[in-house]
Amino acid sequence: MEMIVQVLGSLFHPLALGVNIFGVVLGIIFGAMPGLNGVVGVALLLPLTYGLLPANGLMMLGGLYMGATYGGSISAILLNCPGTGEAACTALNGNPLARQGRAMEALSYSALSSGIGGMFGTLVMLFFTPVLAKMALKFGPPELFLVCLAGLAVVGSLMDKSMAKGFFAVGVGLVLSMVGMDTMSSNYRFTFGSADLQAGLNLIPVSVGFFAIAEMLNLMSQSGENGEICSELKPFSVRQAFAGCLSRWWVILKSSVIGTIIGILPGTGGAIASFIAYGEAKRTSKEGALFGKGSIDGIVAPESANNAAVGGSFVPLMSLGIPGSATSAIIFGALTVHGLIPGPRLFVNNADVVYTMMLGLVLSVVFMVIIGLGGVKFFAKVLKIDKKVIVPAVLAFSLIGAYSARNSMFDVLVAIVFGVAGLVCKRAKIPVAPIILGMILGTMAEENLRRAMTIASAKSLSLVGYIVMRPVSLVVLALVVLLIAGNVYSSCKQRKAKN
């Protein structure tokens, strides 16, 4: 009882509430700016936590993480420039809705579904951390490789009309993921003698180029008297958003479960969760024909999944000391700076700090939804600003974001090159989302496949034999097969409907 009073006192202290709100607001801002994602925000804010109590500092970083994951959807919807990799799927349907004058509707659904998913993942973290952490340990290299296959299996849902162009795009993404030093053999691949390419291509400048810079170049090339992106904005109330989410409860629940599970697995993160949730939503949604043209299911699925992954990523971090994502890895550093060693003993020695942070994340979700829904009208006004103002501002922020990834001017050049490539893809109607998916999953899939093959060889087994011997692998493999079969079936069904 004494600890409960202590936790609640720390949680609702004015300073604690202030730093929590500050973290959420700053996270939304960082998330909305192309390239300046949660990883950058947490890294920049980390020194500010040194002078705070451990619980307050961790609440601020947790709020920033949650806010940044949602914030990426704002620029994705309004400008087709995802502020974070997690929001790449949101842009596929959010931006078409914005161009139809339904930006307020898309933003409302994004904020609300992000809040629901974030709350689901946080509550799972709060009540089931020890149990889920033990389950996460059962995922070795073969299981993680199969999870990557599940992610690549959704590529069919990201394609445009041409299947060949879709597979070409994911192939490009896989090739880009191999640039740089091979972590297994230390050999350099596709560097062409360039020292700058030895470290590989960072996802931030590549995604900034393909989405943000390419979209701005496309806007610059469009002629016409109307300088606004969208001249008319249709009103949409919060009550309508609640009703719409209630009618889509199954999509949101399923996506939240997917996001939480993927978030728990070390080294994955919200981007993979959003792609898998998007593919599953398209496979089962009644709005399947609208995906890519302005489907609400195509917004609520990835948004609820990527925010649910935030809570999930804290499960292995707190219980095992294993970060579930790049952002939680930096928060791991914040824990150690304050003398807190993540692992099983953390809940025994520092229970008050841990539970204050966890409950603080619940409050962060509430603040995020209030700020998100309250700012819909103001965010949507970006579409009314003249393109002559929007284009240079977004380009400037995009280049800053690309530079901040590794403080390298080479990454700025990478962003510009892929910006031009993105414009070419847009004109050739080659989807860029599969390229980003290939980059995200390529390295992880290759490393885990090779590790699995090495372990199987040491056991004098074939790779298939090794997978068959592991029950968890069989379950994941069955899910992959069902996912692929479902995508093929839904694609055939849509083709028959068109004919």
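Helices (H or I, at least four residues) and strands (E, at least two) are taken here as DSSP runs, numbered from the N terminus. The structure is a predicted model, in which local features need pLDDT of at least 70 and side-chain atom pairs count only at pLDDT 80 or more, while totals for chains, interfaces and linings use all residues. Residues are numbered from 1 along each chain as its sequence is written, and side-chain values use heavy atoms, with hydrogens and water left out.

Y109 is found in helix α6, which covers residues 103–136. At a relative accessibility of 5%, Y109 counts as buried, where buried means under 20% relative accessible area, exposed means over 50%, and partly exposed lies in between (1.4 Å probe, protein chains only). When residues up to four places away in sequence are not counted, Y109 touches F236, Q240, A241, G244, C245, R248, I296 and V300, a contact being defined by heavy atoms within 4.5 Å. Y109 and A243 are 134 residues apart in sequence, yet their C-alpha atoms are 10 Å apart in space.

The largest nonpolar core has 140 residues, and those with the most contacts inside it are L201, F210 and F314. Helix α4 (residues 54–79) gives the most to this core, contributing 13 residues. Such a core is a set of buried Ala, Val, Leu, Ile, Met, Phe, Trp, Tyr and Cys residues joined through side-chain atoms within 4.5 Å. Again leaving aside residues up to four places away in sequence, F210 touches L176, F418, G419, A421, G422, C425, V432, I435 and I436.

Helix α2 (residues 14–32) has 19 residues, which at 1.5 Å a residue should span 27 Å, and this agrees with its end C-alpha atoms, which are 27 Å apart; the expected span is 1.5 Å times one less than the number of residues. The buried residues of α2 are A16, V19, N20, G23, V24, L26, G27, I28, F30 and G31.

A search of the whole structure finds 11 salt bridges, each defined as a side-chain nitrogen of Lys or Arg within 4 Å of a carboxyl oxygen of Asp or Glu. In one of them R470 pairs with E143, with the closest N and O atoms 2.8 Å apart. This pair links distant parts of the chain, since R470 lies in the loop between α22 (463–468) and α23 (471–498) and E143 in helix α7 (residues 141–153), 327 residues apart. R470 is partly exposed, with a relative accessible area of 23%, whereas E143 is buried at 0%.

The side chains of R189 and E446 also meet in a salt bridge (2.7 Å, N to O). Because R189 lies in strand β2 (residues 188–189) and E446 in helix α21 (residues 433–458), the pair ties together parts that are 257 residues apart in sequence.

On the surface, W249, W250, L253, V257 and I261 form a nonpolar patch with about 500 Å² of accessible area together. Patches are made of residues with over 30% relative accessible area and no salt bridge, with like charges joined within 9 Å and nonpolar side chains (Val, Leu, Ile, Met, Phe, Trp, Tyr) within 5 Å, and accessible areas come from the Shrake-Rupley method with a 1.4 Å probe, only the protein chains shown counting as cover for residues.
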